[in-house]
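Morning, everyone. I have one structure to walk you through today. Please have a look at it first.

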Amino acid sequence: MPKNRNAEKRAIVRRDGPACFYCGRPRRNPLLMTIEHLEARALGGGNRIDNLRLADPLCNKFAGRRAVADKLELRAKWHMAEGL
Ligand SMILES: [Zn+2]
């Protein structure tokens with residue numbers, strides 16, 4: 001059984017709002033977004049909420065396993081493109 005991540009997602013929404021971490025678009029149902037590990041698990045990132053963000057599945061997939069600094073750069077670019 002896959003772990004139900006909705007409680008974690010709700011906690012992230014309370015902290016960050018219902019928007020994708022990368023593109024900044026708000027989602028009507030943020031529970032459909034995926035949990036992004038800012039520091040990838042493969043690179044030693046943990047499951048603590050300070051390492052977790054919500055992201056659209058496609059944005060999350062695109063960000064992949066980049067280093068944290070590269071992810072933040074990607075986020076800044078996309079936010080700019082969205083006029084946020
Ligand atoms: Zn997005």
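**From the whole chain to one loop**

Read along the sequence, this chain goes α-β-β-α-α. That pattern comes from 3 helices and 2 strands. Keep in mind that this is a predicted model.

Let's start with overall dimensions. The C-alpha atoms fill a box of roughly 35 × 30 × 20 Å along the principal axes. How does the radius of gyration of the protein chain sit against that of a compact globule? For 84 residues, such a globule would have a radius near 12 Å, and the chain has 12 Å, so the two agree. As for burial, 18% of the 84 residues count as buried.

Next, the strands. Strand 1 and strand 2 run antiparallel, and 4 bridges join them.

Which of its faces are covered? Both are. L52 and L54 are buried on one side, and R53 and A55 are buried on the other. As a general point, side chains in a regular strand alternate between the two faces of the sheet.

That takes us to the core. The largest nonpolar core has 11 residues. Among them are I12, F21, Y22, M33, L52, L54 and A55. Two elements give two or more residues to this core: strand 2 and helix 2, which spans 57-63. Strand 2 gives the most, with 3 residues.

A19 is another member of that core. Set aside its neighbours within four places in sequence, and A19 is in contact with G24, R25, P26 and R27.

Last stop, G45. Where is G45 placed? In the loop between strand 1, residues 34-37, and strand 2, residues 52-55. G45 has 16 C-beta neighbours inside 10 Å, so it counts as partly exposed. The cut-offs behind that are 20 or more for buried and 12 or fewer for exposed.

What does G45 touch, beyond residues up to four places away in sequence? H37, L38, E39, A40 and N51. One more pair to look at is G45 and V68. They are 23 residues apart in sequence, and their C-alpha atoms are 9.9 Å apart in space.

That's the tour. Over to you for discussion.

Definitions and conventions:
Residues numbered from 1 in each chain as written. Predicted model: local features only at pLDDT ≥ 70, side-chain atom pairs only at ≥ 80, totals over all residues. Contact = placed C-beta atoms within 7 Å. Core = buried A, V, L, I, M, F, W, Y, C linked by C-beta atoms within 7 Å. Rg over C-alpha atoms; globule rule 2.2 N^0.38 Å. Pairing = 2+ DSSP bridges.
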